[in-house]
Amino acid sequence: MPDTDTKAAAPNTHLAPYAAKGLKGRILSGVQPTGNLHLGNYLGAIRNFARLQDDYECLYCVVDMHAITVWQDPAALSSQTREIAAAFLASGVDGRKHAVFNQSAVPEHAQLAWVFNCVARLGWMNRMTQFKEKAGKDRENASLGLYAYPALMAADILIYKATHVPVGEDQKQHLELTRDIAIKFNNDFHTPDFFPVTEPLIFGAATRVMSLRDGTKKMSKSDPSDYSRINLTDDADAIAQKIRRAKTDPLPMPDTAADAEKRPDADNLLGIYAALADQEKDAVIAAFAGKQFSEFKAALTDLAVAKLGPVGAEMQRLMKDPGYVDSVLNEGAAKARAIAAPILADVYKTVGFLKP
Ligand code: TYM
């Protein structure tokens, strides 16, 4: 009988081979090609991808199979897939040293996901808040793929036995589920060290960037107002306009962290500034304490244009060279498959699938 107790964590012996190479582990992370990449995606995840690449072996994946859990126009999906790959490269990821690829090009993700569909419990899936948010009121009409989404995400990570996953805070629950799936698989098949119990890497001053129109709501690709987010491809004028129109309150700038915490719109802008400037939020609060928002917003605009402008420009340049982007994706998929195929073969053997 399989063991449904997920409490006993398997010891993580997966780091030793990396330590021997002077590395801290193996990273896998993914971004959906579902429309405008925004400042939240950049500060919460993509910027960190490049920052981690000297210390880890990295696999960065454009998760096109996750994207189709809600309807995607096929032509738009292809170009958005290249756009996300371009964003990885423009943010400094070395696509020749590490693997940058799209998920559907490595069929082992889907193959492991099926096994995980049979490991994960309905009760676990029912707790997933992202499904509830995305399915909304019309849950009966949501795709089966949207419901199984977190099991595919666990497969993305564990098909490489990745030890670390850099993400924004909103993915925390999915990573906890990934850990539960790894532990249950290890327990059920009496293979205590088969999958690592993956660690999330959630760091920086902006792990949860909020909407510019409402500091209590997450900045999101799906917000109908384009003024709610700064897109990575926005030009300097658009960035300036959006920051000028960002919601604030009538008081002067907060002068303590406690004051900022009570004022979500101000707090969000301060967090964005701190992340872009690579400063502690407390230092930014101290620098602008008691000043007018107009002065702060002017400084934030200059900073955002200086930091995001080059990334946007490089993305645009790469988008005009789809042949190059495709060559990076092809190379990345080959590297990824070379890691994934033997791990899937081991999984199949462990589960008891015949290989005639
Ligand atoms: P996605 O495509 O929604 O977002 C990509 C990354 O951006 C982060 N993010 C944010 N960070 C800070 N503030 C925000 N407002 C904000 N919005 C998004 C997300 O946390 C994420 O890191 N399920 C994932 C994609 C995925 C994945 C994976 C991630 C599929 N397989 C395996 C890691 C590992 C998602 O929907 O991300």
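A polar contact is a pair of N or O atoms within 3.5 Å; within protein, one must be able to donate a hydrogen and the other to accept it, and residues adjacent in sequence count only if both atoms are side-chain atoms. The model is predicted, so local features need pLDDT of at least 70, side-chain atom pairs count only at pLDDT 80 or more, and totals for chains, interfaces and linings use all residues. Residues are numbered from 1 along each chain as its sequence is written, and side-chain values use heavy atoms, without hydrogens and water.

**Ligand contacts**
- Tyrosine 149 places a side-chain N or O atom 2.6 Å from a ligand nitrogen.
- Valine 209 uses its backbone instead: an N or O atom there lies 2.8 Å from a nitrogen of the ligand.
- The protein buries 96% of the 710 Å² that the ligand exposes when taken alone (Shrake-Rupley method, 1.4 Å probe).

**Ligand surroundings**
- The shell around the ligand holds 27 residues (a heavy atom within 4 Å).
- Gln32, Tyr149, Asp156, Asp170 and Val209 are the closest.
- By class, the shell has 11 nonpolar, 11 polar and 5 charged residues. Nonpolar covers Ala, Val, Leu, Ile, Met, Phe, Trp, Tyr, Cys and Pro; charged covers Asp, Glu, Lys and Arg; the others, Gly among them, are polar.
- At least two shell residues come from each of β1 (25–31), α2 (39–52) and α8 (144–158). Helices (H or I, at least four residues) and strands (E, at least two) are DSSP runs, numbered from the N terminus.
- The largest pocket holds the ligand. A pocket is an open set of points on a 1 Å grid over the protein atoms alone, where a 1.4 Å probe fits, with protein on both sides within 12 Å along at least five of seven lines. To sit in it, a molecule needs more than half of its atoms within 2 Å of its grid points.

**Asparagine 186**
- Asparagine 186 belongs to helix α9 (residues 172–188).
- Its relative accessibility is 1%, so asparagine 186 counts as buried (under 20%; exposed is over 50%, partly exposed in between; 1.4 Å probe, protein chains only).
- The side chain of asparagine 186 reaches the backbone oxygen of proline 192 at 3.3 Å.

**Positive phi**
- Most residues other than glycine have a negative phi.
- Lysine 161 has a positive phi of about 50°, in the loop between α8 and β4 (164–166).
- Aspartate 278 has a positive phi near 55°, in the loop between α12 (264–277) and α13 (281–288).
- Aspartate 278 counts as partly exposed because its relative accessibility is 46%.

How values were computed: On a 1 Å grid over the protein atoms alone, a cavity is a set of points where a 1.4 Å probe fits but cannot get out, and a pocket is an open set with protein on both sides within 12 Å along at least five of seven lines; lining residues have an atom within 4 Å of a point.
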